[in-house]
Amino acid sequence: MSIARQNRLNTFAAHGALILYTLIAMFPVFVIVINSFKTRKAIFREPLALPNADSFSLIGYETVLKQGDFFLYFQNSMIVTVGSLFFILLFGSMAAFALAEYRFKGNLIMGLYLALGIMIPIRIGTVAILEMMVQTGLVNTLWALILVYTAQGLPLAVFILSEFMRQVSDDLKNAGRIDGLSEYRIFFRLVLPLVRPAMATVAVFNMIPIWNDLWFPLILAPAEEVKTLTLGSQVFIGQFVTDWNAVLSALSLAILPVMALYVVFSRQLIRGITSGAVK
Amino acid sequence: MTALALTDVCKSFGSVEVLKDINLTVEDGEFVVFVGPSGCGKSTLLRVIAGLEDASSGTVEICGSVVNSVPPAKRGIAMVFQSYALYPHLSVRDNMSLGLKQEKQPKSVIEERVNKAIEMLDLGAYVDRRPSDLSGGQRQRVAIGRAIVREPKLFLFDEPLSNLDAALRMNTRIEIAELQRTLRATMIYVTHDQTEAMTLADKIVVLRDGRVEQVGSPMELYNNPANQFVAGFLGSPAMNFLKKAPLSIPENGVLGIRPEHLRPMAGGRIKGTVIHVERLGGDTNLLVSTDQKEPLTVRIFGQDGTRVGETIELDFDDAVSFAFDHEQRRVG
């Protein structure tokens, strides 16, 4: 396949386009990271210059770490993100399995209803969600965020996973039934491993918006002990004075865990994205 | 003893009737083949027997007990699938033993039965491999092994050879026939390939559009088909059906003659032109267009010098021709 199409010019053009796109996409991240290592004056004097002996400074990181609560924010963000992903994948895949595998009245309607959430932004319901959280006493808890993010992520998860689960061979599931496996074991032991790439795709698509979200932490959990990283970083941004060193350092640090999670999922992710294309 | 009895089994998906009043009994130790064109309901029937689909009405009995509401694992059956359906995360040995572990058989029994099956199927070198490291033929043997170890009352095969290449298909066919003889097991086998049906079956069940067209031994069906469909389905090349030839044909009906029963003969009753010749070495197939413009296949044993474009005169023995009326029923 690659032999017939290998044309030097085409290869070059393709790589050129990809490299250009990478540069554009990476540029803001690059600027944030280099500036986080510079003194305040250097940031404003030459924002695009690399830190040198004169301008190098770790003052931003020192401020962030001295703020003390930063590790707590980190931990909160991690708990919320991992917890939400866990519930999205668990409930999403279960619902997807039911929709893909069982014939029951209203199967199609149920599928459409679950997919409707993809088109309606959950933020429209913020006021109602806040009232509900107040009444259930979940305001200022991490559970409030986990529940909301789970609800937010489920529609897309169900939609993607049910498509993939339809592709899992019926014979395999039937072989399990004849061997006496319960429906739960068929689901967990036979079907889930086969849709792992799709699960990773869903995880990555959900992970980044949850990690970066400012809206719901601000509204549902603004208390000091449950602040997430994005919300916590806001203390450095004031109405009159902004501690840019600290903001940039906090943002640079915030990239690390997402990157770590991405590496975990990425091999599966690539398989998930390409699996439909080359079959 | 009756291994399987189906009484008035119907199955519909929504308003589509897939199986209509199926009645069938299978005796102990019989090899029964369900055969029919795709979409005739043969696989659905097998699934109903296995319990993977519920019958809409009617009863399914296995070894004398009604199993309509018994789950597949407790019906005493084992099934081999077209796509092998091996568990991708388990080794060959674990694939075979999983069913027995689920039945909570003691370890020694599992060990003994799995080892026996591995030896029988010549899989000794592969026991620790995963299915993805095996070839198609080996995978199918593992799938058969997984069925054998359960020592079922009924083996179900769902087009097990369709994914294999031609040479392997023939070998595996022979292996399955040998297996049936050694185990003296009752087997039900679904296929759309009439060669498999003819070579394997003690009893063939021909299905069309969810109905049983005819049941009988391969030679009974071949020599004495009940209708035009069965006559045309079994036999390769397929039977010729003539409507217009200057012969005694029932009104609005057709006359069926098998290709091997036609022979070239000066002054024969059918005249035509050879339009194509297939030389297979062992025999030669002539495609003839009769003077009434009807296509006809003639099978001549051995090699034959006939060329395309030659005119030919053919005749046959009336005793081995079949007449069908306008509703495709056999009338003579």
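Between domain 1 of chain A and domain 2 of chain A, the centres over C-alpha atoms are 30 Å apart; the domain bounds come from an automatic or database assignment. This is a predicted model, in which local features need pLDDT of at least 70 and side-chain atom pairs count only at pLDDT 80 or more, while totals for chains, interfaces and linings use all residues. Residues are numbered from 1 along each chain as its sequence is written, and chains are lettered from A and ligands numbered from 1 in the order in which they are written.

User: Which element of chain A gives the most residues to the side of domain 1 that touches domain 2?

Analyst: Domain 1 covers 2-57 and domain 2 covers 62-274 of chain A. Each of the two domains brings 7 residues to the contact, where contact requires C-beta atoms, placed from the backbone, within 7 Å. On the domain 1 side, helix 2 (8-36) and helix 3 (40-45) of chain A each supply at least two residues; helices are DSSP runs of H or I with at least four residues, strands are runs of E with at least two, and both are numbered from the N terminus. The top contributor, with 5 residues, is helix 2 of chain A.

User: How do the residues on that domain 1 side divide by class?

Analyst: The classes are nonpolar (Ala, Val, Leu, Ile, Met, Phe, Trp, Tyr, Cys and Pro), charged (Asp, Glu, Lys and Arg) and polar (the others, Gly among them). For the side of domain 1 of chain A that touches domain 2 of chain A, the division is 4 nonpolar, 2 polar and 1 charged.

User: How many helices and strands does chain A have?

Analyst: The C-alpha atoms of chain A fill a box of roughly 70 × 65 × 30 Å along the principal axes. Read from the N terminus, the elements of chain A are a run of α. The count for chain A is 14 helices and 0 strands.

User: Is helix 6 of chain A oblique or roughly parallel to helix 8 of chain A?

Analyst: Helix 6 (residues 107-116) and helix 8 (residues 142-166) of chain A have axes that come within 7 Å and cross at roughly 135 degrees. Axes are lines fitted to C-alpha atoms, for helices over the stretch in contact, and angles run from 0 to 180 degrees between N-to-C directions. Angles under 35 degrees count as roughly parallel, over 145 as roughly antiparallel, 65 to 115 as roughly perpendicular and the rest as oblique. Helix 6 of chain A is therefore, relative to helix 8 of chain A, oblique.

User: Which elements of chain B give two or more residues to the side that touches chain A?

Analyst: The contact takes 12 residues from chain A and 17 residues from chain B. The chain B side divides into 11 nonpolar, 5 polar and 1 charged. The elements of chain B that give two or more residues are strand 6 (77-80) and helix 2 (92-102).

User: In which hand does helix 2 of chain B pass helix 3 of chain B?

Analyst: Helix 2 and helix 3 (residues 107-120) of chain B pack with axes 10 Å apart at an angle of about 140 degrees, which means that helix 2 of chain B is oblique to helix 3 of chain B. A crossing is left-handed if the near helix is turned anticlockwise from the far one by less than a right angle, and right-handed if clockwise. Here the crossing is right-handed.

User: Which residue is the bridge partner of B:Thr284 in strand 16 of chain B?

Analyst: Strand 15 (residues 283-290) and strand 16 (residues 295-301) of chain B pair in the antiparallel sense over 7 bridges. Their hairpin has 4 residues between the strands, and B:Lys293 takes a positive phi near 65 degrees. The partner of B:Thr284 is B:Ile300.

Definitions and conventions. Two strands pair if DSSP finds at least two bridges between them.
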